[in-house]
Amino acid sequence: MTRGLTHVYTGEGKGKTTAAVGLALRALGAGLQVRIFQFMKNQPTGEMTALAKLAPGILRRADCDVKKFTWDMTPEEKGAWAEAQQALFDEACDAACDKDVDLVILDEALGAVGAGAIGEDQLCYLIGHKYRGTELVITGRGAGEKLIALCDYATEMRMLRHPYAAGIPARKGIEY
């Protein structure tokens, strides 16, 4: 790739991770080198299992023993969790600056921003300092105007209807 662009998939609707993983599959099929960094997530998901079979080592998550939602964490647990999220972000930055990596996805990085583990300014800095040929994708709710203005693609997923509102819980293979 001659010039890597930056994407943000944001909004309250479903499909941000799905869109990013779909792009990863397309890139892998074209022979590109892809790295996916998943923030906030610590439970097994369908994409995690499938990607491990298709491209072992493509997906990285934070190395942390705390497996709770952030709102259930003690201050000490949240501190350890935030350190692990920051370490994952540092790995993602290294990948985004590596001329041999074509596509870097920071899945739920905006969730990590919202939880105080990484800063929006860090994401903005990365956009401006990644390797010029690296395509960068950032997902999550609540992208700020500053971040959106730095991106070449900005897509908002808007929820019109969702089965959760009717009491249908998340389903394996569909929501996770």
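Q: What share of the 176 residues in the chain is buried?

A: A residue is called buried under 20% relative accessible area, exposed over 50% and partly exposed in between, using a 1.4 Å probe and protein chains only. Here, buried residues account for 44% of the 176 residues. The model is a predicted one: local features need pLDDT of at least 70, side-chain atom pairs count only at pLDDT 80 or more, and totals for chains, interfaces and linings use all residues. Residues are numbered from 1 along each chain as its sequence is written, and side-chain values use heavy atoms, with hydrogens and water left out.

Q: How many helices and strands are there in the chain?

A: Helices (H or I, at least four residues) and strands (E, at least two) are DSSP runs, numbered from the N terminus. The chain contains six helices and six strands. Their order along the sequence is β-α-β-α-β-α-β-α-α-β-α-β.

Q: Which residues have the most contacts inside the largest nonpolar core?

A: A nonpolar core is a set of buried Ala, Val, Leu, Ile, Met, Phe, Trp, Tyr and Cys residues joined through side-chain atoms within 4.5 Å. The largest one has 34 residues, and those with the most contacts inside it are F39, F89, V104, L106, L123, I138 and L147. At least two residues of this core come from each of α3 (75-96), β4 (103-107), α4 (109-114), α5 (120-129) and β5 (135-139). The largest share, nine residues, is supplied by α3. A second, separate core has 15 residues, including L51, L59, L103 and I105.

Q: With which residues is I138 in contact, leaving aside its neighbours within four places in sequence?

A: Contact means heavy atoms within 4.5 Å. By that criterion I138 touches H7, V8, Y9, L106, A109, L110, L123, I127 and L147, once those neighbours are set aside. For the chain, among contacts between residues at least 6 apart in sequence, 73% join residues at least 24 apart.

Q: How many disulfides does the count give?

A: A disulfide is a pair of cysteine sulfur atoms within 2.5 Å. The count is zero, and C93 shows why: its closest cysteine sulfur, in C97, is 6.5 Å away, too far for a bond. C97 is likewise in no disulfide. C93 counts as buried, at 19% relative accessibility, whereas C97 is partly exposed at 42%.

Q: Where do M40 and E108 lie?

A: M40 is in the loop between β2 (34-38) and α2 (46-54), and E108 is in the loop between β4 and α4. Neither is a glycine, yet M40 has a positive phi of about 75 degrees and E108 one of about 65 degrees. M40 is partly exposed, with 28% relative accessibility, while E108 is buried at 19%.

Q: How are the rings of F69 and W71 placed?

A: A pair of aromatic rings is described by the distance of the centres and the angle of the planes. Rings of Phe, Tyr and Trp (its six-membered ring) pair if their centres lie within 6.5 Å; planes under 30 degrees apart count as stacked, over 60 as edge-to-face and the rest as tilted. This rule gives one aromatic pair. The centres of the F69 and W71 rings are 4.7 Å apart and the planes are at 5 degrees, so the pair is stacked. Both F69 and W71 are exposed.
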